[in-house]
Amino acid sequence: MNPTTNTTVRSRGPWALALERLRHDRAAITAGATLVGVLLLALLAPVIASLVGHGPGDQFLDIGLSSSGIPIGPNRTFLLGTDSLGRDVLVRIAYGTRVSLLVGVLASALAVLVGTVVGIAAGWYGGLVDRALSRLMDVVLSLPFLVFALALVAVVGPSLTISVVVIAFFTWASVGRIVRAQALSIRELEYVQAARTLGASHRRIMFVEILPNVTASVIVYTTLLIPGAITGEATLSFLGLSVVPPTPSWGNMLADAMAYYKVAWWFVFFPGAALLITTVAFNVLGDSVRDALDPRRDTASHRSGEEAA
Amino acid sequence: MLAHELEREIVHRGERLTAAHVSARPGEPLVSLERVVKEFPVKSAGLFSRSREKVHAVSDVSLEVRRGETLALVGETGCGKSTLARCVMRLHDVTSGKVVFDGTDITAASHAELQPFRRRMQMVFQDPYGSLNPRRRVGSIIGDPFDIHRLATGAERTPRVQELMALVGLNPEHYNRFPGDFSGGQRQRIGIARAIALHPDLIVCDEPVSALDVSIRAQILNLLADLQRELGLTYLFISHDLSVIRHVSNRVAVMYLGRVVELAPVDDLYEHARHPYTRALLSAIPVPDPDRAAAREHVVLSGDPPSPLDPPSGCRFHPRCPRAAARCASEAPRLAPAPGDAAEHITACHFPLADHELLATTTVGQRA
Amino acid sequence: MTPVSAHPGVAPLLEVRDLRVAFRTPDGLLEAVNGLSFSVARGQVLGIVGESGSGKSVATQTMVGLTRGARVTGEALFEGQNLLAMSPDQLRAVRGRGIAMVFQNPLSSLHPLYRIGWQIVEMIQAHEQVTKAQARARAIELLGLVGIPHPSRRVDDYPHQFSGGMLQRAMIAMALALNPRLLVADEPTTALDVTVQAQIIRLLGRVQQEFGTAIILITHDLGVIAEVADQVIVMYAGRAMEVAPRRELFRAPSHPYTRGLLHAMPRADLAGGRLTPIPGQPPSLIARPAGCPFHPRCTEAADRCGHDTPPLDALPSAVHHLSSCWLTSSSEKSYIVGNA
């Protein structure tokens, strides 16, 4: 029997196909570039500080505030203006980016890790294990975020670590539910049955067969979780439950700015804009990643004619 | 092929093997199913309700698959053939009855106890698109059996996998490609390579060609036949397609609603079918010959098969059978040779059809 | 390359001329249908046989405007009017009254949340000025005609309450509601059990005889064609390979692909043995080989087959029997189609 290859089409794995689609997606490129910019802002915060000569905590009560004690607007010395204590808004935003990104990414990563493991276990084992884990997820999802956060911080005291833990705690269950649903449907597919007939252990099936097939949706969900985590952190620090002042974060800057919005628009606008741009960029990128990873488009295109015929 | 010729053929094939680990000799039962019953509880809505409804997928089936043969299980949707095959493979636990593999009762074997048996029986699945993990490379998929049973690691696996790929007609250089790059027929070959990797004794083929194009089906059927010869395999072949079955089987079991209604050597079944359902099935097969199509007996069964949730009493076929009498509704017939038939040809019918009788025009009252 | 109608002198009900359907993909232009011509006479059953990738479904779906994003050229004249040149509104008027379609999977063709009767009534009322009561009476009548027992009760059932075979009958009933002149059935029995398939094929034959409806039956199963078709087209890679009346095709198949298919088919009525497969794989519809699309797999291919595409010509001995093959072509001119 002569082996024949009928593919004159290049052979590409599912990940390579997805990357290629992303590369052609204008929205994804723009969002990605924006996020690279945000990342650079965070990384280069000390550089920016030294360039303009202002630290994040340096208060310039003489040149940074007007004669009546009101923050001054953007000018040559303070490119984005100053805040209520005469501190450079630009530099504080740059340092605030670090907090947001750190909490956003760490909390999401933690949530995804826990949620994926729980979801796959619940979906694969079924029965009692599934029922127990599902009830657990239901309970976690019904807890009120702010009340719980307030209570926890009252006991332990505010910090970056607490932010990460609290946000992760409230997000892992939604990841778990989605992964569980996927695992349930993958479990019935024939390649999983095939693994069982070969004598594969439960662990092997969960990691080798199921996990790679939920990774796609997990990645998509992660890129959409991060903006939520960032906003969550901003909420917490707005309420003073996250990083401790004078460490800047977008949330606590916005909290300070509330009292001055009538006289110092830049103080509200710039941190708000930073938050908005970052979350929008993540959302857009997440949408594009979801489209790129859509398994329905994974067949080599020379087969789409067969399916249509 | 007559029964004794058949046996000779099987023995002849089997003798070429030196499979010392198999205790069943050619022609002897490799798999024995004894009074197997499989029922699925139906989950009804409601948090605490215990369901009382059951799907009677397989009801009291006793069969044996002999070493070296191809036994076909044929029937329509809901007859239980796929469920039965999965019971053999221990993918399902049977509700009652025994599954015996090469002399060992594996009905209740645990996962660990089943491991050595997993190497000896394998399965080829129906859907070429669903039976291969789309995110794994083909070489890794075929190499799975070696990995799971710790028979070859990493670099050692590659030459063995490539050997298997060549054996099933694939280009060994495509080792690192993904399933999405292959056509339906090629994917089935990959699935077959995975199934024969550890040289099993039994392969259960669950509708292996139903999802393939007609011009590719013949390639795969020939491949399966070649592999059976070269590797001394025994096949349990599941299909709804009676045309395919005629070409691959030695014996055929016809199933209806969870029970075996007729079992015979292949040519006997097609030329001397005794059970009314078998006759109806045979007459319904589209034949690519307009003249023969017009000339043969046309039996059109009324209605649809009843649901396995609530099977009829007695003979399960009686509501649709043109020959049904009162006895058929109350008493389930047992599998036994019809008058004049050899021991190999058994039918579960109170009024089996004789050769000259036509199902469409005869009623029970007319039997002499 | 004129297609021959069964009744010369009478205009055919449907005439398709040189239909080409192509899709743009990242890997190139995918030519699903590549120069298809055929005709259907009134009351005739035309069987279109082909495997996956043959273009059989794309061709008929494009005809009634169900294909999106494709480049279409050619003509599809239904009762003299070109379907491919019609606006969506005009097409909608044709669909249902002139041409009705029945698909492979009835469960996905019917709305799961509306009763069967309601769906039929709605369709009737969309095209005809009748009262709801009249439409409902007609729906019940139709369900009875297609062999559904207790139609006055079943008319109020939901699709999931029907079995596969009954649901396909209901689909056919719905398709017949407006007395279409042409019924296109795309693999109507592929998803059904063989005994149910026999019932549906019988039903289609009755539809032709009792209502005079022309039928285009699309299938991959030559056995089904042998039971019910009058005229047969064998398609491969978007082109017609052979066109013949039913008996003629099975008694004297001419094209190597048709012959290959018949030899590769397992038969229940003949004693088993080794089958003769067609070697190779179905072709890629993007990077088409030059010349005859079947030549890479053809055991009788000559040199010319790899360069020139043979036209669909009548066989020297039988004017109603056409084949696209250099071995039997009477035409001397070369006929190069598409990209080399």
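What share of the contacts in chain A with a separation of 6 or more is accounted for by residues 24 or more positions apart? In this predicted model, such residues account for 74% of those contacts in chain A. Chain A is built from 12 helices and has 0 strands, and its elements accordingly read α-α-α-α-α-α-α-α-α-α-α-α along the sequence. Its radius of gyration is 24 Å, well over the 19 Å that the globule rule gives for 309 residues, so chain A is more spread out than a compact globule. Taken along the principal axes, the C-alpha atoms of chain A fill a box of roughly 90 × 50 × 30 Å, and buried residues make up 42% of the 309 residues in the chain.

Chain C was examined in the same terms. The secondary structure of chain C comes to 11 helices and 12 strands. For its 340 residues a compact globule would have a radius of gyration near 20 Å, and the value of 21 Å found for chain C agrees with this. The C-alpha trace of chain C spans about 65 × 50 × 45 Å along its principal axes, and 53% of the 340 residues of chain C count as buried. Among contacts in chain C between residues at least 6 apart in sequence, 63% join residues at least 24 apart.

Within chain C, 4 strands form an open sheet in the order β2-β1-β4-β5, with antiparallel pairing. The edges of this sheet are taken by β2 (28–40) and β5 (81–82) of chain C, each of which has a single partner strand, so that one side of each is left without a neighbour in the sheet. Strand β1 (residues 14–25) of chain C is joined to strand β4 (residues 70–78) of chain C by 8 bridges, the two strands running antiparallel, and C:V16 stands opposite C:A76 in β4(C). Helix α1 (residues 56–63) of chain C lies across β1, β2 and β4 of chain C, and the helix runs at about 105° to β1(C).

An open sheet of 4 strands is also present in chain B, where the order is β2-β1-β4-β5 and the pairing is antiparallel. Here β2 (54–66) and β5 (104–105) of chain B stand at the edges, and each has a single partner strand, so one side of each is without a neighbour in the sheet. Strand β1 (residues 29–41) of chain B and strand β4 (residues 96–101) of chain B run antiparallel and are joined by 5 bridges, with B:E34 placed opposite B:K98 in β4(B). Helix α2 (residues 81–88) of chain B lies across β1, β2 and β4 of chain B, running at about 120° to β1(B).

The mean pLDDT of the chain is 86, and 89% of its residues reach 70 or more.

The contact between chain C and chain B takes 42 residues from chain C and 35 residues from chain B. On the side of chain C that touches chain B, two or more residues are given by each of α7 (164–176), α8 (194–211), α9 (222–228), α10 (246–251) and α11 (256–264) of chain C. The most is given by α8(C), with 7 residues. By class, this side of chain C has 19 nonpolar, 13 polar and 10 charged residues.

Key. Residues are numbered from 1 along each chain as its sequence is written. Chains are lettered from A and ligands numbered from 1 in the order in which they are written. This is a predicted model: local features need pLDDT of at least 70, side-chain atom pairs count only at pLDDT 80 or more; totals for chains, interfaces and linings use all residues. Two residues are in contact if their C-beta atoms, placed from the backbone, lie within 7 Å. Ala, Val, Leu, Ile, Met, Phe, Trp, Tyr, Cys and Pro count as nonpolar, Asp, Glu, Lys and Arg as charged, and the others, Gly among them, as polar. Two strands pair if DSSP finds at least two bridges between them. Axes are lines fitted to C-alpha atoms, for helices over the stretch in contact, and angles run from 0 to 180 degrees between N-to-C directions. The radius of gyration is taken over C-alpha atoms; the globule rule is 2.2 Å times the number of residues to the power 0.38. A residue is buried if 20 or more other C-beta atoms lie within 10 Å of its own, exposed if 12 or fewer, and partly exposed in between; C-beta atoms are placed from the backbone. pLDDT is the predictor's confidence in each residue, from 0 to 100.
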